[in-house]
Amino acid sequence: MAEPACYGLLFGSPVPGYQAPAEQTTGPGTRVIGQLVRIFQCAHQAGKLSPQKGLAEPSRAVPSGDFAAIRGGGELSLTLDDAALTRGVLVWAALFGAVNFEVFGQYGEETFGNPAALFDAQLDILAQIAGFAGQWQHG
């Protein structure tokens with residue numbers, strides 16, 4: 001929220017026809033997802049990542065090669081199963097969506113009097129979906 005222009009450069013709509021130099025953008029652009037992956041993997045290894053009771057497993061399988069490539073790539077040795085990775089990708093997409101809505105004023109100026117409280121509530125729900133229910137603390 002403090003630097004919406006920088007956020008927009010990293011995560012906003014690309015300029016048509018412009019290809020940003022990967023050596024300058026890849027690191028900053030993947031820092032957040034890298035941290036999210038580390039949080040999920042560490043919680044999984046510690047046995048602290050379990051889906052909320054009553055949360056259905058995905059009814060459609062993501063092609064196994066997609067998640068196999070994710071598990072095999074990068075510096076982490078991911079051991080998350082397909083369901084955990086599916087929940088993780090949902091959390092990633094929803095988190096960025098919530099941030100985008102707030103940073104770019106998509107809710108409208110007078111829709112929510114306290115957008116920070118809404119964001120905290122969204123984080124609580126995402127933590128439950130991810131499997132951190134009852135263990136998640138933020139503030």
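This is a predicted model: local features need pLDDT of at least 70, side-chain atom pairs count only at pLDDT 80 or more; totals for chains, interfaces and linings use all residues.
**Entry 1: rings**

I started with the aromatic side chains and found that ring pairs join Phe101, Tyr107 and Phe112 into a cluster. My cut-off for a pair of Phe, Tyr or Trp rings (six-membered ring for Trp) is centres within 6.5 Å, with planes under 30 degrees apart called stacked, over 60 edge-to-face and the rest tilted. Numbering runs from 1 along each chain as its sequence is written, and side-chain values use heavy atoms, with hydrogens and water left out.

Searching the whole structure gave me three aromatic pairs. One of them is Phe40 with Phe132, edge-to-face, at 5.6 Å centre to centre and 85° between the planes. Phe40 sits in helix 2 (residues 22-45) and Phe132 in the segment after helix 5 (115-130), so this pair ties together parts 92 residues apart in sequence. Helices here are DSSP runs (H or I, at least four residues), numbered from the N terminus. I checked burial too: Phe40 and Phe132 are both buried (under 20% relative accessible area; exposed is over 50%, partly exposed in between; 1.4 Å probe, protein chains only).

Next I looked at Tyr107 and Phe112, which pair edge-to-face at 5.1 Å centre to centre, with 85° between the planes. Tyr107 is partly exposed at 23% relative accessible area, and Phe112 is partly exposed at 36%.

**Entry 2: Glu102**

Glu102 belongs to helix 4 (residues 82-103). Leaving out residues up to four places away in sequence, Glu102 touches Met1, Tyr107, Pro115, Ala116 and Phe119 (contact is heavy atoms within 4.5 Å).

**Entry 3: helix 4 and its partners**

I then took helix 4 with helix 5: they pack at about 175°, axes 10 Å apart. That makes the two roughly antiparallel (over 145 degrees). Axes are lines fitted to C-alpha atoms over the stretch in contact, with angles from 0 to 180 degrees between N-to-C directions. Among the residues meeting here are Leu95 and Glu102 from helix 4, and Phe119 and Leu123 from helix 5.

Helix 3 (residues 64-72) and helix 4 have axes that come within 11 Å and cross at roughly 85°. I noted them as roughly perpendicular (65 to 115 degrees). Phe67, Ile70 and Arg71 of helix 3 meet Asp82, Leu85, Thr86 and Val89 of helix 4.

Conventions: Angles under 35 degrees count as roughly parallel, over 145 as roughly antiparallel, 65 to 115 as roughly perpendicular and the rest as oblique.
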